[in-house]
Amino acid sequence: MTDMRETPPFDPARLDTEDPPPFTRLNPDGRPSFVLTCDHASRAVPGHMDGLGLAAGDLSRHIAWDIGAAEVTRQLAERLDAPAFLAGYSRLVIDCNRPLTSPTSIPTVSDGSEIPANRDVSAAEAAARADALFWPYHRQIAGTLDRLVAGSEIPIFVAVHSFTPQLNGGDARPWHIGLLWEHDGRLVAPLRAAFSSLVPDICIGHNQPYAIVGPSDYSIPEHGQNRGLPHIEIEIRQDLIDTQEGAELWAGRVAEALESMRTEHGPFEMLTPVKHNP
Ligand SMILES: [Zn+2]
């Protein structure tokens, strides 16, 4: 391998009809109670980028997307009659849950795999990826939240993710789901109670397997904290939702937990926003 980058750069002019749109919006006229996002829904790479120079298997791995999360989000959108947004491209092209200033916005390595197309990305190319694939998704989410908060009910912002059962050859992760938050944890205890009554032996991670850190995450800080909206990030272990049956089972549980939390503890007010520097 040479130091020269051998994969084609991202070029918005080369996106064609084989390439997916930057995001999928579901249920735009659904109930305003919840707004769902799935930042890592897709493993798609623009066709002209030669699969980022990765081995084919790498684009099926968890490093490319959150396995099962898109199907769970689709099911949740239906069960909750909620607007939902699914990002259209792999996090390896540009990560929709990272600020553009983050070193992992366009990752050069992920869980041991180097990403050849992300070496030596110019500022112009990074900006082109953001303009084509990051901003359209986040602007649509922001526009929907702007509209809903002006209405009759404060929406609850829910970011859906999934996590690999094992990372970097480390220990097996015991949690079925993780509830993630940073400054505003008011949904955590009600949700934990709701999940525990639905699934008595459930193992719930509190800010596990990850913690949200304002400057290094994007969706919860931007759409939840910066607005003062009630919010939660829900992480589901991938081996539980990597089949249609598993995704349906857990989507049903998550939908029921969210709905019972809302009816028993809602409505939730807007809080004073916690702003992070971009
Ligand atoms: Zn994710």
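Author: Let's start with pairing: two strands pair if DSSP finds at least two bridges between them. Helices (H or I, at least four residues) and strands (E, at least two) are themselves DSSP runs, numbered from the N terminus. This is a predicted model, where local features need pLDDT of at least 70 and side-chain atom pairs count only at pLDDT 80 or more, while totals for chains, interfaces and linings use all residues. Residues are numbered from 1 along each chain as its sequence is written, and side-chain values use heavy atoms, leaving out hydrogens and water.

Reader: How do you know that strand S7 and S9 pair?

Author: DSSP needs at least two bridges, and S7 (residues 177-180) and S9 have 4, in the antiparallel sense. Leu179, for one, has Ile234 in S9 as its bridge partner.

Reader: And what makes S6 and S9 a pair?

Author: They share 7 bridges, running parallel, against the required two. In S9, His231 is the bridge partner of Phe157.

Reader: Why is S9 called largely enclosed?

Author: Buried means under 20% relative accessible area (exposed is over 50%, partly exposed in between; 1.4 Å probe, protein chains only). In S9 (residues 231-237), 7 of the 7 residues are buried, so the rest of the structure largely encloses it.

Reader: What makes His40, Asp66 and His161 donors of the zinc ion?

Author: Donors are N, O and S atoms within 2.8 Å of the metal (3.2 Å for Na, K and Ca); water is not among the atoms, so sites may look incomplete. His40 (ND1), Asp66 (OD) and His161 (ND1) lie 2.0 to 2.1 Å from the zinc ion, so they qualify.

Reader: Why is His161 called buried?

Author: Its relative accessible area is 2%, and the cut-off is under 20%, so His161 counts as buried.
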